[in-house]
Structures are given as structure tokens and as C-alpha cells.
Amino acid sequence: MTQTAEKTDLAQIGVVGLAVMGSNLARNFARNGNTVAVYNRSPEKTRALISEHGDEGAFIPSETVEDFVASLERPRKAIIMVQAGAATDAVINQLTEAMDEGDIIIDGGNALFTDTIRREKEVAAKGRHFVGAGISGGEEGALNGPSIMPGGPAESWETLGPILESIAAEVDGTPCVTHIGPDGAGHFVKMVHNGIEYADMQVIGEAYQLLRYGVGMEPAEIAEVFREWNAGDLDSYLIEITAEVLAQKDPETGAPLVDVIVDAAGQKGTGRWTAISGLELGVPITGIAESVFARALSSATAQRAAAQEGQLPSGTIAELNVDKAEFVEDVRRALYAAKLIAYSQGFDEIKAGSEEFGWNVDPRDLATIWRGGCIIRAKFLDRIREAYDNNADLPALILDPYFKGELENLIDPWRRVVVAATQLGLPVPVFASSLSYYDSLRAERLPAALIQGQRDFFGAHTFKRVDREGTFHIEWSGDRSLTEM
Ligand code: ATR
């Protein structure tokens, strides 16, 4: 028996776009007691959703935007789950036309936050509310409980909050959703979340590479190592699924699945946006940027093939003289350290974005709502939450006393692993660049002084002195005297 609602009932929420993410989100709303209006440009998807899942709750299917809008309770709330870009703009325009003053349009796709800022202005000018909401957790999360990062006006959150809380993941009774900040704040935070995800996946990949080709372990054995790691500090969804992937055999050949998968990683762009935004904001998000580059390099198949054929010199490759168990533990610690840096840098970027755009994002909210539902969910986020609870103005996450204490135990293994990788000729872009970032932060003097000297030499860009205030220049092509500007 279908429980599909009669047209006389109105829906608390609507979903436009019923591809996998949209359908799953609509089912999640319905399963949690909401009456859900559903609409898709091609009616076949709407019909398929109702015939396959109509008995999971109360749905009101529509075949026109006008009927869809008419089936919503006021203030109307509709979540758009269509292809990012032009399709989103088209649907926003249709909904804005059909809706009334005070109604709320939510974009649940992975929009670029600057598009969200623009759309919010355009929609607000027509008297409707616009909420850009980041939704993480993939298809499974959309169905069973995602982590949701809504931006937009605080006023919309009043109405929207309870409905989103009804479908979000929950950890210790706390729903993984909260209002992040105005206009593009939600999509910005979701973007950085994805950037951190790229770095987290890359450091796991580097650890695998070292265990596989450094000490010659087989995928199934490495899967066991990851299972053990998942019982400790690294306990996280990504470590858990890594063990699953490594243990998987190819159903056709029986070979380890990882060996039959082409080693060219794809991307949809959110990691790239995070890196670009980090560059624009002047925040060194080295771990995230290196992870994006690592995917790009992996996909440069023609160049890689030419480099292999041309046999670029390897230099001397050293034998690795280590105790295997000790090396595995060193790699675990290096992975933990590099992951910590990626999160620290990601939180720096969120802080910088929040200041730049006036969003007032609270880092504690993120550590709370990322604990469940999303791809980077991890035990470790409880520690991040505690760090910001203890000091909301931490200059960097790694300067929190707990993490500083952890780094005491991680730093030597991390250095040993980067040295070993270098001697073995194995690429560890994030392990190595994160260590350089860490040592740069610690360094009393950086070569930036020399760079300032060079800039003054060729471009009279001037420099500051360590011993007194002011701006100075050397008459490089003249008598090399010091001028105060
Ligand atoms: P997936 O990758 O899961 O297929 P997607 O490509 O992000 O999802 O989004 C596809 C959805 O966007 C579909 O619901 C699609 O509608 P159709 O089923 O009619 O193709 C919707 N979509 C794409 N372009 C659209 C547009 N211009 N107007 C309305 N909906 C659009």
C-alpha cells in the first residue's frame, strides 16, 4: 500500500532533481515523518521514485514546477539537487518565479561559494530566501543521514533547522547540521571539507605505497594493518573503507582489486576550488594543494608513460634496513602527523574565508557536525572540538596542547618515513610537504629575508628591518647606501 499523500495535504519540504542524491534525500525526509514534494525535469525519475519507494513515507509527486510549488506548505521550502552550474541557475529561476515572498530555496549541490553569494543576492532581491547548503556523505549519507552545512540568512535556519535535523546523521544525540553563517558560508565550508578529504585520502595512499613498495607487503596484509589502525587514533570512515578496498579481490581474475584499477585518480573540482581559494586568501593549504596535484599527476598518463619509457634517472636507491613492524608503526605516525597538518591548514582556510567574507564561522560547529554522516568523519574530530572549546582563538590547530603533545610522539617517525621514502625513490608529496610546512612554521628565520633582498635589488620593492620600524631600500646600482623611504 502506498502512503503517497493526497494532494490536499501539503508537504513540509520539497526536492527538485531526483537523480541518486536527490532521490535518497527525498526518501530520507519521508522516512523521518516529513511529507515530501518531489519533482524532476523528466517525469520518469519521479514516477520511478514513487513506484519503487512510495511506500517508505508520504510523497507528493508533481510533473510541473507550478504543481510542485503549490504542493508545499508556507513558507515553502525546496531543496535543489540538480547538476551544478547552469542547471542550478535554471531551476532557481523557475522556483523564484513560482514561489512567493519569504519562501526558501535551498541549493544542496556542490556549488562554488562565490556562485552561492551571487545567487543569494539575486534571489533576495526578489524577496525569496536562498540557502546554499553543503551536503556530505555521498549516496549512502543522503539516504541514512548526511552531514549538512547550510549557509544563508539566519532567519531561514529557524524554519529549516528542525527539518534538516530530522534527516542529518547524529553523534551522541547531536545532529550533524547547524547554521554555518550567511550567504556562501555553508558551501565554502563544504568545499574545504572536500579539500581536507582529498588530503586525507592522499596521505592514506602514501602510507599504502610505502607499505606496499617500501617493505613489500601484499594488499591483504596491508588491509589488516589498516583494520588495526582503525581501532586507534586514526579511527575514521576513510581508514575503514581503505581496509575494505585493499582486502577486495577482483571478481574476474582473483587478483587484489587495487592492482587491476587504473592508477589515475579523478576529481569533480571541489579540491581544486579549495586550493584556488587557499591561494587567493594567501593561506598555505599545502597538504590539500599537493593532493590535488597528486591526482592531476596520476591522470597525466601520457606524460607518465613517456617518463617511464625515457627512464628518468632514479639516482641511488637505498636498501631499506628496518624492522618491518617498527616501520609500519612509523608510517602510521607519519600518516597521523600529515593528516593533522591537513586539518590544521583546512581550519586556517575556513578562518581566513570567514574573516574575508564576514561569516563568523565557529570552528567548533564544524568539528561537531563532521563527526558523523560525512566522508571525513573520524574520532579525531572530538579532539578538534575540544581544542577549540579550550581556546576558540587557537593560532593553529597544531598549537593546541593535546595536538602538540601528539606531535612530540609523531615527529621523529615522520622524519624517518620521509627520509626512507626519499631514499627509496617513492613519492610522498603530502608527507614531505607537510613536514616542510611544519618546519617552516617552527623556523626562527626563513629565507624570506633573502627573497626580500632580491625583490629590493631588482624591483626596489623595499624591505623592513629587524631592529627598527620603517621601510628601507638599498641603492643597489649606486653607492649601496641605505635609504629610509
Ligand atoms: P547524477 O550525477 O547523480 O546523475 P547530477 O548530474 O548532478 O546527478 O544531476 C542530474 C539531475 O539534474 C537530474 O535530476 C536532471 O534532470 P533530468 O532527469 O531531467 O535529466 C537534473 N537536471 C540537469 N539539468 C537540468 C535542467 N536544466 N533543469 C532541470 N533539471 C536538470
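Tutor: Domain bounds come from an automatic or database domain assignment. Here the chain is divided into domain 1 (13-179), domain 2 (190-442) and domain 3 (447-484). The C-alpha centres of domain 2 and domain 3 lie 39 Å apart.

Student: What kind of model is this, and how are residues numbered?

Tutor: This is a predicted model, in which local features need pLDDT of at least 70, side-chain atom pairs count only at pLDDT 80 or more, and totals for chains, interfaces and linings use all residues. Residues are numbered from 1 along each chain as its sequence is written, and side-chain values use heavy atoms, with hydrogens and water left out.

Student: Which residues are around the ligand?

Tutor: A residue is near a molecule if one of its heavy atoms lies within 4 Å of it. The residues around this ligand are Gly17, Leu18, Ala19, Val20, Asn40, Arg41, Ser42, Lys45, Val82, Gln83, Ala87 and Val91. For classes, Ala, Val, Leu, Ile, Met, Phe, Trp, Tyr, Cys and Pro count as nonpolar, Asp, Glu, Lys and Arg as charged, and the others, Gly among them, as polar. The shell has six nonpolar, four polar and two charged residues.

Student: Where does UniProt place the feature "active site"?

Tutor: UniProt positions are given in the numbering used here, and annotations may be inferred rather than shown by experiment. The unreviewed entry places "active site" at Lys190 and Glu197. From this set, Lys190 is in the lining of the largest cavity. A cavity is a set of points on a 1 Å grid over the protein atoms alone where a 1.4 Å probe fits but cannot get out, and lining residues have an atom within 4 Å of a point.

Student: Which helix holds Lys190?

Tutor: Helices (H or I, at least four residues) and strands (E, at least two) are DSSP runs, numbered from the N terminus. Lys190 lies in helix H8 (residues 185-214), and His193 is found in helix H8.

Student: Where is the cis peptide bond?

Tutor: The bond from Arg74 to Pro75 is cis, with omega near -10°. Pro75 is in the loop between helix H3 (65-70) and strand E4 (77-80).

Student: What is phi of Asn360?

Tutor: Phi of Asn360 is near 60°, a positive value in a residue other than glycine. Asn360 is in the loop between helix H15 (324-357) and helix H16 (363-369).

Definitions and conventions. 1 Å grid on protein atoms, 1.4 Å probe; cavity = no way out; pocket = protein on both sides within 12 Å on 5 of 7 lines; lining within 4 Å.
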